[in-house]
Amino acid sequence: MTDHTVTPADAYPNYPAVMTPEQLQAMRDHARSDPDGFWLEQARRVHWFTNPTQGFAGSFENDVSINWFADGTLNASVCCIDQHLTEKRDQIALVSQREAEGRSETLTYNDLHERVCRLANALTYLGVHKGERVAICLPMVSEAVISMLACARIGAVHVVLFGGFSADAVAERLVDSGAVAVITGSTAWRGKKAVPYKETMDEALRKAGRNSCVKAMLVVRTSDEAVPMLPGRDYDYHDFVDHFEADFIPVAMNAEDPMFMLYTSGSTGKPKAVVHATGGYMVWAAYTMGMVYTHQPGDVLWCTADVAWITGHTSVVYGPLANGGTTMISDSLPTAGRWLDLIDTYKVSMLFTAPTAVRAMMAEGDAEIHKRDLGSLRLLGVAGEPISPDAWLWYHDVVGKKRCPVADTWWQTETAGVVLGPVPGVQSLKPGSATLPLPGLDVVLVNTDGKREQGAASGALCIARSWPGQCRTIWNDHTRFRQAYFSMMPGLYFTGDGARRDEDGYYWITGRMDDVINIAGHRLGTAEVEDVLGEDHRIIECAAVGVPHAIKGQALVVFAIASQSAVTEVTEQEVSRLIVSQIGRYAAPDAVHLVPDLPRTRSGKIVRRLLRKIACGETETLGDLSALSDASLIETLSASVQKKMQAAATMDDRQADPSGRLAFGGARAVS
C-alpha cells in the first residue's frame, strides 16, 4: 500500500483554512467534556424561530430513542434562503447546467426565494399539509432543488426518488410512503438515451392502484415532446405554479418533526426509508459542510451526486445553501472530459465526486487534464466508497496539481453527513484514509468479542454517542431500525462497515463487514485486494467479493476492468499473480473476471451484492435492479461468468477421468 502523507503547511500555503490546529483541538475537547453545550453552540449555524436550550435526549439501549433540540422551532427553507436575503440577496445560490437543453440557469437567493414560495403556494392549493409526504422524481434541474425546499417550507416530508427506478420500484415506494402528491418530469435525456419519467410514474400509479394516496402530479416539461396528462390529477408545472404569489409564510417546525425520508436498499428485504428530523438534520448539514467545504466569496461547489441520494441532499442542497454558498448541478453524462470542461466554464472551486469518477478521469489519461486550465479549483472531495491510495494521489497530483487538498470522507444515508473526514488545510492527509472523526463524534472500533479496541487496531466501525444528523427511525418499522443498527453491538450504533485505525488515529475503511472474507481461517478485507489492483494503472477499477467454498469456507472472486490501452496486456492469470505477490498465496482468487464494466448505482457505487450472486451463479435471485445505472450489464456479466463456470466444470471432469487420458497435471489455471 502506498505510504504518503501530505502536510497542510507544506502543501497548501494558499489554502484558506477555517481554523488553526489548536482551535480544532479545542473543539474536540469541548465536544468531549460538554457535548450538549457543544452542539447547542453548533446549532447557531442555522436560523431558529425558537432557539433550543436542550441538546440530546434518548438512548441507544432498549427501544432506542433519538431526540435533539426538542424545544427549538425552525424551518429548513428559511435556514437555506431567508436568513441570507439581507446580505446575499443578489448572490447566485444555484447554477443549473442543462446539457440536454444546451443552456444553463442561474438563480440568485432572491430568485430562489420567489420560486420556492410559488411552489409552496401551489402545493398548499393542491391540499398538501404539514407532515404529508410528497414524492419528487426529477432529473438534475432547478426544479428538483426548488421542490425539496418548497416541501420544507410548508412542512411536508419530501421523498426524493431516483429517476432510474422501474415502475414497480416507484410504485412500492409511493405506497409505502403514503405520498399524496408527485413532482416529476416529462422525458429527460442522458446523452442519446431517453429516460421516460412521466411514463414511468403513470405506470407506477397504475400498478399502485387503490393503494396509492396520490391526489395530484406536477409535471416539469423537460423536453418539447407532447406529454399525456390526466385531467384532474396532472398539472403542467410552470403553467400552474408560475401564477401563484412569490411569497409564503414558512411553517414553524418542531426540531423533531420529520423533514424527509430517503430509501436505502438493504442486501435483503424491501427497501427501507430512513427518517431524518428537521432540527438535527439542518444543524448537521450546516456543520459538516461548513467544516469540510467552507464557502469563500465567489466559490462554486459542484457535488456531482444526484439529489436522489443523501450526498445530493446534504452536499448539493441543504449544506451549501445553509452556509450561504453557491451550489451547481448538471444533467450532463458523467464523462471525465466533459466534466473537466464544466469546471473551467463555471469556475468550479470545489469538486466533490465519487471514486468511480476519479477512476474514469484516470482512464482518459493525464493529457485530458493538461488540455484544461482547472485553475479555479481549490478543494477536491470524494465519498461513496473507499478510494485507493493510487487514485487519491492521481486526483491530488494531476487534477489538483498538488495545490488542492483532497477531502476523503466517509458517511452514510443514516448519518446524513460526514462522520470521518478532514478539515482541509488544518489536518495532515493520508492517501486512502478518511482521516479522523469530526469534533463531536465518538467513533470506536469493536472486535469480534464485542470489546472496544484501543490504539492501532481493526474492527467493526461503530459510533458510541448520538449526533444531531442521526436518522431517527425506519418509516413505519422501528423494530427493523433497532435490529439493523443496534442489535449487533448493544449500546452502539453499528455502521455495518469495518475499518482499520493506524498509529496516528487515522481511519481506513475496509468495506462492509460482509465484505470481509474468511479464507481457510485467514481474514481478508476485499478493500485490501482492491487497493493492490488499484496501484496498477492498467486496471481502471475492480471489485473483490467472497463466495462460499466447500473446503476453505469462503473463496475470493475478482471482477476487473482493464484500460483500453492495456486490454490485450492484462490477463486473468496476471491479476491473480499480482494479488498473490502483494498479499500472499492464501489470497489467490478462485476466479478472476475481466469485464467491460461493473454494476453500479447512478451515483457510482458498485453493487457488490449483485457481483456475489453472479459469481455464485445465483442469477435467479438478483432482486430489484431498478437503482442500477445500466441494468442490461447484469445479463452480460451473468452470461460470461456462467460460460466460464461451465468450462471450469468440464475441465474438472476431465481431470477426474479414471482412464487418465484426459488428465491435466497440476493446479487448474485461474479462470
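In the predicted model, Phe69 lies in the loop that runs between strand 2 (65-68) and strand 3 (73-74). The phi angle of Phe69 is near 55 degrees, which is a positive value in a residue other than glycine. Phe69 is buried, and its relative accessible area is 0%. A positive phi is also found at Lys402, again a residue other than glycine, with a value near 60 degrees. Lys402 belongs to the loop between helix 16 (389-399) and strand 20 (406-408). In contrast to the buried Phe69, Lys402 is exposed, with a relative accessible area of 52%.

Confidence in the model was considered next. The average pLDDT of the protein is 89, and 93% of the residues score at least 70. Over residues 656-671, pLDDT stays under 50. For this stretch the model has 24 contacts beyond four places in sequence.

Ala31 is part of helix 2 (residues 21-33). Its relative accessible area is 2%, so Ala31 counts as buried, the cut-off being under 20%. Leaving aside residues up to four places away in sequence, Ala31 touches Phe38, Pro439, Gly440 and Arg465. Tyr346 stands 315 residues from Ala31 along the chain, and the C-alpha atoms of these two residues are separated by 38 Å.

The cysteines were examined for disulfides. A disulfide is a covalent bond between the sulfur atoms of two cysteines. The structure holds zero disulfides. Cys79 is buried, with a relative accessible area of 0%, whereas Cys616 is partly exposed, at 28%.

The largest cavity holds about 220 Å³ of space. Its lining consists of 18 residues, and Arg359, Pro386, Ser388, Glu530 and Cys542 lie nearest the centre. Helix 14 (355-364), helix 18 and strand 28 (539-549) each supply at least two residues of this lining. Helix 18 provides the largest share, with five residues. Sorted by class, the lining of the largest cavity has 10 nonpolar, two polar and six charged residues.

Helix 18 (526-534) also takes part in the second largest pocket, where it supplies at least two lining residues. The space in this pocket comes to about 640 Å³. The second largest pocket is lined by 29 residues, with Ser458, Gly459, Ala499, Thr510 and Val516 nearest its centre. Strand 22 (457-463), strand 24 (493-501), strand 25 (507-512) and strand 27 (522-525) are also among the elements that each give at least two residues to the lining. Strand 24 gives the most, with four residues. By class, the lining of the second largest pocket has 16 nonpolar, nine polar and four charged residues.

Key: Residues are numbered from 1 along each chain as its sequence is written. This is a predicted model: local features need pLDDT of at least 70, side-chain atom pairs count only at pLDDT 80 or more; totals for chains, interfaces and linings use all residues. Side-chain values use heavy atoms; hydrogens and water are left out. pLDDT is the predictor's confidence in each residue, from 0 to 100. Contact means heavy atoms within 4.5 Å. Buried means under 20% relative accessible area, exposed over 50%, partly exposed in between (1.4 Å probe, protein chains only). On a 1 Å grid over the protein atoms alone, a cavity is a set of points where a 1.4 Å probe fits but cannot get out, and a pocket is an open set with protein on both sides within 12 Å along at least five of seven lines; lining residues have an atom within 4 Å of a point. Grid points are joined across faces, edges and corners, and a volume is the space filled by probe spheres set on the points. Ala, Val, Leu, Ile, Met, Phe, Trp, Tyr, Cys and Pro count as nonpolar, Asp, Glu, Lys and Arg as charged, and the others, Gly among them, as polar. A disulfide is a pair of cysteine sulfur atoms within 2.5 Å.
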